[in-house]
Amino acid sequence: MFLRPSCKLQVISIRCQNAAPRLFSTQVHANSIDITANKFGNKYETALPYSEIPGPSAFTFLKNALPGGKCFAKDFDEITKIYRQEYGDLFKFPSLFGSLEFVTTHKPEDFQTVFRTEGQWPARSELKTMTYYRTKMRPDIYGKHSGLVNVQGKEWGDFRSAVNPTMMQPRNTMVYIPKVDAVAMDFVKRIHQIRDPKTKEAPENFEHELNKWALESVAVIALDTRLELLNDNYNKRSAKLIQASKDSFRLMFELEFKPSLWRFISTPKFKQMIEALDVVTNVSCEIIDEAREKFNNKRESSRNDDESVLEKLLQIDPSLAKVMAVDMLFGGVETTSSTTTCLLYLLAKNPEKQEILRQEIMTKLPTKDSLLTVENMKHFPYLRACLKESLRMLPIIAGHIRTTSQNIVLQGYQIPKGTTVAMGVNRLQIDDKYFPNAEKFEPERWLKKDGVPAPAKSAHPFIFLPFGFGPRMCVGKRFAEMEIETLVARILRNFRVEWHHPDLKFKFTSLKVPVDKLLFTFKDISD
Ligand code: HEM
């Protein structure tokens, strides 16, 4: 039992008030001026009404989700695939028990229309469980700023403008390369320690080791703190943080997307979610407060460019700095470690590409202890192409979400302002129509050669957006890319990575995560 007894009754009544009018409701919004029709040549007034967009009824959606139904125990990608086969490239997921009704599209032209009309403050539908937790249960931390993920409008714009210079400008993000490289070097030592001495295979819990690397790396950027996770005797509160952040992503999918009664009663999954969010908040805040204590003891004169994101943001607004640091520790673990898993896996399955990449790495790191620097990290085109190709083939997100900021027309249907639109990119990224030989790992498709543009450039520009689009794109993009590229460069400089098992399986909840054990083999490179 997790909800505080004093607020439980009030909580349930608030949820019921909010949810009741939307039970099985259709979320259609009032008319507003139709600018899109003029821009894109689609007339809103003459388009088919929103109510005629195909899709399962609330009853069918519920029936299919229950045991025996065709969507039971399926992940988000599989459920979308089932309905896409039935209803085509544009369909509607109904509202059920107060969940959000949303339209799903699989046409890049629609993605373009949605993104191009997103306005100054692009909106993504909020995660109700997180909003509830942050605003109702933890105003002590999130009262002034609730974090980027869930807020909208000017509040989002102000927060984002405050953090962008520190988190998005290459000059300010690349300064962390030496610290992130030091973590990657420790990870290489860790592989030496934990792999099987004879077979050189990683242990069954290697996914956890990658999660620890991701947390260690993001903490060094966010807080200038080494959590010392890459050994056997690491502080177990960090393991709790990792587990809680993974649980939150999984439960978000269960509570926000699948039929659930949590808006009416405290279901077991809702309680687990609140518990997980509380662990994330409490452990992150403990770690952040310790880091702040350290800065306070530091002399003003010892300030430098590579001071942590927290230190830089504290000079703007302490409450904003804390919330951003919590979200970095929360959002910066499974995203980065799953993407790294996908890239290592594809390199292991494509040894000839791995070898080409190793040659590039050898030129910049002639010895195993040569350092990665701001300068030499600029010269890894093949590594960058490998990461893009991996994000194309095995993206960790199924698609993008926007709440439309004006009336638009998609595939001949009216989409009123305020509608949530999900853009399913992951299937298009592996469609031959857009990327010839789509099932092949070909980093070369991202590289221009002899003045000829990179072949992938001819694909529709709104399909491959692994970090999202526009002013609301991922705020951790630069850190994530840098961490992944640094680690993969280090690993390939030291080991040949192999895979000797059946194909690795993944599943999509809110993120794509591996289902099987990450039994990579790490064979030593001679010098
Ligand atoms: C490879 C790793 C990652 C991928 C593929 C990824 C992908 C994404 C995507 C697709 C979005 C939505 C963008 C949009 O709506 O246009 C997003 C948002 C976000 N990401 Fe990431 N992400 C990654 C790593 C990270 C990391 C390391 C952090 C923290 C340091 C982070 C923090 C966030 C935050 C706070 C948002 C919300 C931004 C906003 O609404 O303004 N992400 N991410």
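The following dialogue explains how several terms apply to this predicted model.

Guide: In this predicted model, local features need pLDDT of at least 70 and side-chain atom pairs count only at pLDDT 80 or more, whereas totals for chains, interfaces and linings use all residues. Residues are numbered from 1 along each chain as its sequence is written, and side-chain values use heavy atoms, with hydrogens and water left out.

Visitor: Why is K189 called exposed?

Guide: Exposed means over 50% relative accessible area, buried means under 20%, and partly exposed lies in between (1.4 Å probe, protein chains only). K189 has 52% relative accessibility, and therefore counts as exposed. K189 belongs to helix 10, residues 177-194; helices (H or I, at least four residues) and strands (E, at least two) are DSSP runs, numbered from the N terminus.

Visitor: Why do C71 and C386 count as buried?

Guide: The relative accessibility of C71 is 5%, so C71 counts as buried. C386 has 0% and is therefore buried as well.

Visitor: How do you know that C386 is in no disulfide?

Guide: A disulfide is a pair of cysteine sulfur atoms within 2.5 Å. For C386, the nearest cysteine sulfur is that of C342, 14 Å away, and C386 is in no disulfide. The structure as a whole holds zero disulfides.

Visitor: How does the reach of helix 18 compare with what is expected?

Guide: The expected span of a helix is 1.5 Å times one less than its number of residues. Helix 18 (residues 381-393) reaches 18 Å from its first C-alpha to its last, close to the 18 Å expected.

Visitor: What makes C474 a donor of the iron atom of the ligand?

Guide: Donors are N, O and S atoms within 2.8 Å of the metal (3.2 Å for Na, K and Ca); water is not among the atoms, so sites may look incomplete. The SG atom of C474 lies at 2.3 Å and is the only protein donor of the iron atom. C474 is found in the loop between strand 6 (420-424) and helix 19 (477-494).

Visitor: How do you know that strand 7 and strand 10 pair?

Guide: Two strands pair if DSSP finds at least two bridges between them. Five bridges join strand 7 to strand 10 (residues 520-524), and the two run antiparallel.
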